[in-house]
Amino acid sequence: KGIPSKGLRVFVRVRPAISREAGIDTCIKTCQLQDWEEPEGWEGPPPDEVTVKNHSWVFDRVFGPQTSQEDVYLAAGQPIVASVLAERNGCLFAYGQTGSGKTFT
């Protein structure tokens, strides 16, 4: 929690419900991490917390179902593209269940 590293950041995108999931209550809750103190050198918003039932995880950023493609790109993709164009290394790795929206994102 709160390690000021720009070398590795972890983002999560919560996909919108698909048609067969319409009307089903979601079990995922997302919010900014509470009672968090910004470490020296930290840039950007506080980390986000994802809670599913009784389990919680902390990520650098969580994008909710209503987040636009542009917002995801500006936060996650654009800094990597800029780094590569400045002749530095960059990698964007998408991981998730089949059909979860990796290609869409």
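Q: Is valine 81 buried, partly exposed or exposed?
A: Valine 81 is partly exposed, with a relative accessible area of 38%. Buried means under 20% relative accessible area, exposed over 50%, and partly exposed in between, with a 1.4 Å probe and protein chains only.

Q: What kind of model is this, and how are residues numbered?
A: This is a predicted model, in which local features need pLDDT of at least 70 and side-chain atom pairs count only at pLDDT 80 or more, while totals for chains, interfaces and linings use all residues. Residues are numbered from 1 along each chain as its sequence is written, and side-chain values use heavy atoms, with hydrogens and water left out.

Q: Where does valine 81 lie?
A: Valine 81 lies in helix 1, residues 69-85. Helices (H or I, at least four residues) and strands (E, at least two) are DSSP runs, numbered from the N terminus.

Q: How far is valine 81 from serine 56?
A: The C-alpha atoms of valine 81 and serine 56 are 31 Å apart in space, and the two are 25 residues apart in sequence.

Q: Which residues of helix 1 are buried?
A: Val72, Ala75, Ala76, Gly77 and Ser83 are buried in helix 1.

Q: What covers them?
A: The cover of the buried residues of helix 1 includes strand 1 (11-13) and strand 5 (61-63). Contact means heavy atoms within 4.5 Å.

Q: Where is the kink in helix 1?
A: The kink lies at glycine 77, shortly before proline 79, and comes to about 45 degrees. The bend at a residue is the angle between axes fitted to the seven residues ending there and the seven starting there.

Q: What follows helix 1?
A: Glutamate 87 follows helix 1, and its phi is positive, near 65 degrees.

Q: Turning to the whole protein, what pattern does it follow along the sequence?
A: The pattern is β-β-β-β-β-α, with one helix and five strands in the protein.

Q: How many of the residues are buried, as a percentage?
A: Buried residues make up 18% of the 105 residues.

Q: Is cysteine 91 buried or exposed?
A: Cysteine 91 is exposed, with a relative accessible area of 63%. Cysteine 31 counts as partly exposed, at 35%.
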